[in-house]
Amino acid sequence: MEESQKNRICSFFSPTMILIGFNAVERIGIEAKKLGGSKACIITDQGVVSAGLVERVKDPLRKEGIEVEVFGKVEAEPPVRMVDECSEFVRKGRYDLIIGLGGGSSLDTAKGAAIMGTREGSVREICGMDVIPKRGLPKILIPTTGGTGAEATRAFVVTDEEEGIKKVSYSNYNLPDLAIIDPMLTVSMPPKVTADTGVDALVHAIESFVSFNATPFSDLLALEAIRLISQSLPRAYSKGEDLSARYDMSLAALLAGMSITSGGLGAVHALAYPIGTEFHQNHGRSNGMILPHVMEFNLIGNIKKYSAIAEALGERIEGLNPFEAAERSVTAVKRLLDMVNISYHLKDYGIPKESILKLVEGGMKQSRLFVPNPRNLSKEDVTAIYTKAW
């Protein structure tokens, strides 16, 4: 344990209850009744609807006599206008239970709608740190990707299209009453989605592990998530029906989500956000582009922990000096990104070099995430990182 952790009081946050296992979703009807649900709204996207996963949630709910309707219009990187539309749908429908089903966008939308479904206004009003005054509707979150960990976090992210930035709501009231982790729901993910969401989980684990706000809880969870991802992401990417790999990735995403809830994020997310908003890249891919470059910058801020990351990623560090061992973490991450066909060069995504100034401007707007980062960043540092990433 780091000395800094011993000298402060640390917190741990998680969903009230977690169910994990193959076909765990079949328990949703029983658990929904325990939460007092009689009319449920499933919040999801059209991809999940088309894959037939909604029926796997509807059927056990109806068996328990629970009325079910679907809001299936979730958009990627959920815009404020869409979350507000969903919230209005929830208010008009007078639902007493929210079920988020899908990737991070659907789960984040469900979190926002669960709060705003009990009050008028826009989701913008509840963005910020602990500004939500009370718990909203009961909610069950069910991920269909092995990546975002949104089912276990106290935050949700929306895109403010008017300002061109991401906004985040942090509150214990965003934690679900129940998270259901069913690896069977992730089997149909295509390789690209498997890669993007898996790398998202890896970034969560790495950032929370080296965070200045890391806790004994987040350290344990993050390091195990890194180990699981290193071993299982290439397998899940190569053969989607590998159930063991899917289980490990689902577990890793959950652990990483719980880790960031206690330990927080850092500069990778800060610099990835403007890539997503400016160039319409999904969140996991944006994180992957910038991850090794931020790691290289951060190494001297916590050599001991980056060495531990290298070891968790399968690197042999015996006989190396501390900095050489820490450098192996970057080597291992680049190798993993190469395995799942994620380039960490902005130019490979058609992002022009002259856009770096705009990215720097966007990254500096996320400077709140520089605070827990293991190394402080100036505007010149941010420019250098983007330039190296290009």
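1. Two strands count as paired if DSSP finds at least two bridges between them. Strand S2 (residues 39-43) and strand S4 (residues 97-102) meet this with 4 bridges, and they run parallel. Within that pairing, Cys41 stands opposite Ile98 in S4. A caution for the new reader: this is a predicted model.

2. Stay with S2. Strands of a sheet pair through backbone hydrogen bonds, either parallel or antiparallel. Is S2 mostly covered or mostly open? Mostly covered: 4 of its 5 residues are buried.

3. Now the side chains around Tyr95. Phe89 and Tyr95 form a stacked aromatic pair. Their ring centres are 5.8 Å apart, and the planes make an angle of 20 degrees. The planes count as stacked because the cut-off is under 30 degrees. Phe71 joins in as well: ring pairs link Phe71, Phe89 and Tyr95 into a cluster. Tyr95 is buried, because its relative accessibility is 6% and the limit is under 20%. Phe89, at 28%, counts as partly exposed.

4. Tyr95 also has a charge over its ring. Lys39 lies over the face of Tyr95, 5.1 Å from the ring centre. Another such contact involves Phe13. The charged end of Arg154 sits over the Phe13 ring, at 5.0 Å from its centre.

5. How many aromatic pairs does a search of the whole structure find? It finds 4. One of them joins Phe22 and Tyr247. This pair is tilted, with 5.7 Å centre to centre and 50 degrees between the planes. Phe22 lies in the loop between strand S1 (18-20) and helix H2 (28-34), while Tyr247 belongs to helix H9 (residues 243-263), so the pair ties together parts that are 225 residues apart in sequence. Phe22 is partly exposed, at 39% relative accessibility. Tyr247 is partly exposed too, with a relative accessible area of 26%.

6. Next, an open sheet. It has 3 strands in the order S5-S8-S7, with mixed pairing. Which strands stand at the edges? Strand S5 (128-129) and S7 do; each has a single partner strand, so one side of each is left without a neighbour in the sheet. S7 and S8 pair in the antiparallel sense, over 6 bridges. In that pairing, Asp160 has Ile165 of S8 as its bridge partner.

7. Strands S7 and S8 matter for the next item, the second largest pocket. Strand S7 (155-160), strand S8 (165-170), helix H10 (267-279) and helix H14 (356-364) each give at least two residues to its lining. Which element supplies the largest share of that lining? H10 does, with 5 residues.

8. The second largest pocket has a volume of about 420 Å³. Its lining holds 25 residues. Nearest the centre of this pocket lie Thr159, Gly164, Gly276, Thr277 and Glu278. By class, the lining has 11 charged, 9 polar and 5 nonpolar residues.

Conventions:
Residues numbered from 1 in each chain as written. Predicted model: local features only at pLDDT ≥ 70, side-chain atom pairs only at ≥ 80, totals over all residues. Heavy atoms only, no water. Phe/Tyr/Trp six-rings, centres within 6.5 Å; stacked < 30°, edge-to-face > 60°. Buried < 20%, exposed > 50% of the residue type's maximum accessible area, 1.4 Å probe, protein only. Lys NZ or Arg CZ within 6 Å of the ring centre and 35° of its normal. 1 Å grid on protein atoms, 1.4 Å probe; cavity = no way out; pocket = protein on both sides within 12 Å on 5 of 7 lines; lining within 4 Å. Points joined across faces, edges and corners; volume = space filled by probe spheres on them. Nonpolar A, V, L, I, M, F, W, Y, C, P; charged D, E, K, R; others polar.
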